[in-house]
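Here are a couple of exercises on ring contacts. Have the model open and work through them in order.

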Amino acid sequence: MEKYLEESLTAQLNNIISELGFDNFKVYISSEQLFKNDLIKPDEIYIVYKDSSGQVLFGNKVLPISFYVLSEQNSLDKVKNILDIFIQTYNQMSLNFKIVEEDEYGIENNVDVYVYPYYSTPVVANNFIKAGLGVRSMIYMTGTFVIMKGLNDIKSIKYYENGNTYDIKFIHTTYSYNAQLDSQPFYNDISDVKSVAKYSSFVLNLTTQFTNDEFMNKVLNVTFRKYISNTEKVNATFYFIIEFVNGIIIDKIPLKLAQHIADKEVGALTTVNLSFYI
């Protein structure tokens, strides 16, 4: 794991520890093996991570990581609480770092790095581990860091309605732009033709959870407009704001609902697949 990620994780955990009032706790993060000559203190927490094989492409990475967390002495309640709040707070929250790197010519350049973390729920892997003057528990969790340097990406998609904006927590999204080309002959001795774009279309696809909010309620009102009392029409307009990590914001794109598919499975969260067209 890169040094800036270690420092960021340490700062995030220390913020949670401070908010919980565990000011006497200390977090140590290291890779693979951690050696300590001093006696382990009761309120010291050790987090050892192990990098797994990941996808590396032109300096960008999708890096799976395993975390092994050694709890406080004779208990696991506090460290479990810390990790649970850490997951709730920082999971899928994009991070931006500005680092200095040397290029192939030895010239130092400022590089923008965007990191998207995904964490699993921490679980207790082992109990009653002898350490120091007491026993501790081992808690295990996994994560994936999507590390991008110099790449652009969708940062957020928001729904706009009556002066208010609402974040759409999408699980998966795609958009497509298609232009209809019309071949124009030259009508001379040149056999080639020239293509002219006559019109274009834009489609936004979203997979999201079946949330109870302004956005999904409008989707429901349009879908079931014939069966429930509301004023929505089939051509009701949805306004979207798409923001990219490079700062470009596409503001208030007017789109129509083209498809709404709900997927309900017993024992799983209900998701919806939505398509909007311009």
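**Exercise 1.** Find out how many aromatic pairs the structure holds, then work through two of them.

*Solution.* Start with the total: there are 18 aromatic pairs. Rings of Phe, Tyr and Trp (its six-membered ring) pair if their centres lie within 6.5 Å; planes under 30 degrees apart are stacked, over 60 edge-to-face, and the rest tilted.

Step 1: take Tyr-119 and Phe-145, an edge-to-face pair with 6.0 Å centre to centre and 90° between the planes. This pair links distant parts of the chain, with Tyr-119 in strand 6 and Phe-145 in strand 8, 26 residues apart. Strands here are DSSP runs (E, at least two residues), numbered from the N terminus. Tyr-119 counts as buried because its relative accessibility is 10%, and Phe-145 is buried too, at 2%. The cut-offs: buried is under 20% relative accessible area, exposed over 50%, partly exposed in between (1.4 Å probe, protein chains only).

Step 2: go to Tyr-175 and Phe-202, a tilted pair at 5.8 Å centre to centre and 35° between the planes. Tyr-175 is partly exposed at 42%, while Phe-202 is buried at 15%.

A word on the source: this is a predicted model, with residues numbered from 1 along each chain as its sequence is written. Local features need pLDDT of at least 70, side-chain atom pairs count only at pLDDT 80 or more, totals for chains, interfaces and linings use all residues, and side-chain values use heavy atoms, leaving out hydrogens and water.

**Exercise 2.** Which ring does the charged end of Lys-218 sit over?

*Solution.* Lys-218 has its charged end over the ring of Phe-238, 4.8 Å from the centre. The rule asks for NZ of Lys or CZ of Arg within 6 Å of the ring centre and within 35 degrees of the ring normal.

Key. Helix = DSSP H or I, 4+ residues; strand = E, 2+ residues; numbered from the N terminus.
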